[in-house]
Each structure stands twice: as structure tokens, then as C-alpha cells.
Amino acid sequence: MKKIFLGAFTLVSALSVAAPVQYAGNGHYYDFIDGYTDAVSAIAAADASSYLSLDGHLATVTDSGENDFLQATFGSQGKDGWIGYVQSNNNDEPSGNWAWVTGEVSGYTNWSGGEPNNANGEDHAHMYSNGTWNDLNAYNTYTVNGYYVEYEAVPEPATMAALGLGLAAIGRKRRK
């Protein structure tokens, strides 16, 4: 009887794990992974993850709609998490050289008042549960209680090369 109860409990526990949630604004899926960890470990874990054959990475928040979605979906549960915004070369603020881990370009930020401030070498961003951002040292493991993962299709290099050649051919044909 104990084995049956334990097996049923394990099955119910496994089924109750929430699946990533899709954001209609870009079609990507997002998840929040609980657990105090540093930014470097969060980046590696997110990069190694996948969902529905989509590659994972720390979330890249490129507009207010995406930020609001993450805050409403996960932040409303009191979740502070690492996002994929990283400062290179430990630059001073406000110029900062901040960039998304995927190389995406975006002019959108949602820094909390007085942030980023680069105090004590803070070079990785995290999102507070209210949706604003803060910079922290990459190895901070006591403040941020998880990380946001974004799952999206990443074109293979050959696909990107074919796309580039096709666009170049179209552009050349139009000039003639």
C-alpha cells in the first residue's frame, strides 16, 4: 500500500510541474527556474536547456510588452530572477556596454531608480518581482532567487547563410 501511495504522489508531483508559458507578442516560451544561483551558472543552465526542441537562453527582454508579461506571469509570485543582460569590460555607468547574451539589439531597458550603478563590479542584470531591473555582481548567490529562461528557435548557420544569399540576390536583381 505504501508503494502505491508513494507512486501516486510521485506521479501527481511530476504532473504539477508548470510548463513554460508562451508570450503571444513574439511566440517565445518562458519559464522561471527557482533556486538561488549566480549569473554565470544561470547562463550555462539556461543555454543547456530546451523545450519542444527550442533552444533556451536567459531571457532577453527587448520591449515593455515582454517585460510586463514576465512580471505579470512570474514576478507577481514574488520572483526575482537573472535576465540575459550583461555588461562587458566592467565599464562605468551610464554608458555601460550592456548587451544581450544572444547578441540581440534592443534599446529597451527598465532599470530601477539609480540603476545600473556598477557598484562593486556589478555586471549582470536581474529583474525584481515588480518588473524593474538591477545590476549585480555575477557571483551574487544570496539575493536573486532564480532565473528566467526564454525558449526560441535559433536558425542554424547554414539557414542564415542561405537567407543572406537569397536577400543579396533579390537586392542585386532589383538594382538591374
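Here are some numbered notes on how this predicted model is put together.

1. Ground rules. This is a predicted model, so to speak: local features need pLDDT of at least 70, side-chain atom pairs count only at pLDDT 80 or more, and totals for chains, interfaces and linings use all residues. Residues are numbered from 1 along each chain as its sequence is written, and side-chain values use heavy atoms, with hydrogens and water left out.

2. Overall layout. The chain has four helices and nine strands; helices here are DSSP runs of H or I with at least four residues, strands are runs of E with at least two, and both are numbered from the N terminus. Reading from the N terminus, the order is α-β-β-α-β-β-α-β-β-β-β-β-α. Of the 176 residues, 39% are buried (under 20% relative accessible area; exposed is over 50% and partly exposed is in between, with a 1.4 Å probe and protein chains only). Take the contacts (heavy atoms within 4.5 Å) between residues at least 6 apart in sequence: 70% of them join residues at least 24 apart.

3. Strand 9. Have a look at residues 146-152, where seven of seven residues are buried. Both faces are covered, with Gly146, Tyr148, Glu150 and Glu152 on one side and Tyr147, Val149 and Tyr151 on the other. Strand 9 runs antiparallel to strand 2 (residues 29-34), joined by six bridges, and Ile33 has Tyr147 as its bridge partner. Strand 4 (residues 54-58) is also antiparallel to strand 9, with four bridges; there, His57 stands opposite Glu150. For strands to count as paired, DSSP has to find at least two bridges between them.

4. Helix 3. In this helix (residues 64-73), Glu66, Asn67, Phe69 and Leu70 are buried. Seen down the helix axis, the buried residues fall within an arc of 160°, so they line one face; the arc is taken from the directions from the axis to the C-beta atoms. Their cover includes strand 1 (21-22), strand 2, strand 7 (124-127), strand 8 (133-136) and strand 9.

5. The salt bridge. The structure holds one, counted when a side-chain nitrogen of Lys or Arg is within 4 Å of a carboxyl oxygen of Asp or Glu. Asp34 pairs with Lys79, and their closest N and O atoms are 2.9 Å apart. Asp34 sits in strand 2 and Lys79 in the loop between helix 3 and strand 5 (81-87), so the pair ties together parts 45 residues apart in sequence. Lys79 is buried, at 15% relative accessible area.

6. Aromatics. There are 15 aromatic pairs; rings of Phe, Tyr and Trp (its six-membered ring) pair if their centres lie within 6.5 Å, and planes under 30 degrees apart are stacked, over 60 edge-to-face and the rest tilted. One of them is Trp100 with Trp133, edge-to-face at 5.8 Å centre to centre and 85° between the planes. Trp100 is in strand 6 (residues 98-100) and Trp133 in strand 8, 33 residues apart, and both are buried. The two also belong to one aromatic cluster with Tyr85, Trp98, Tyr108 and Trp111.

7. Thr132. This residue is in the loop between strand 7 and strand 8, and counts as buried at 18% relative accessibility. Leaving aside neighbours within four places in sequence, Thr132 is in contact with Asn110, Trp111, Ser112, His126 and Met127.
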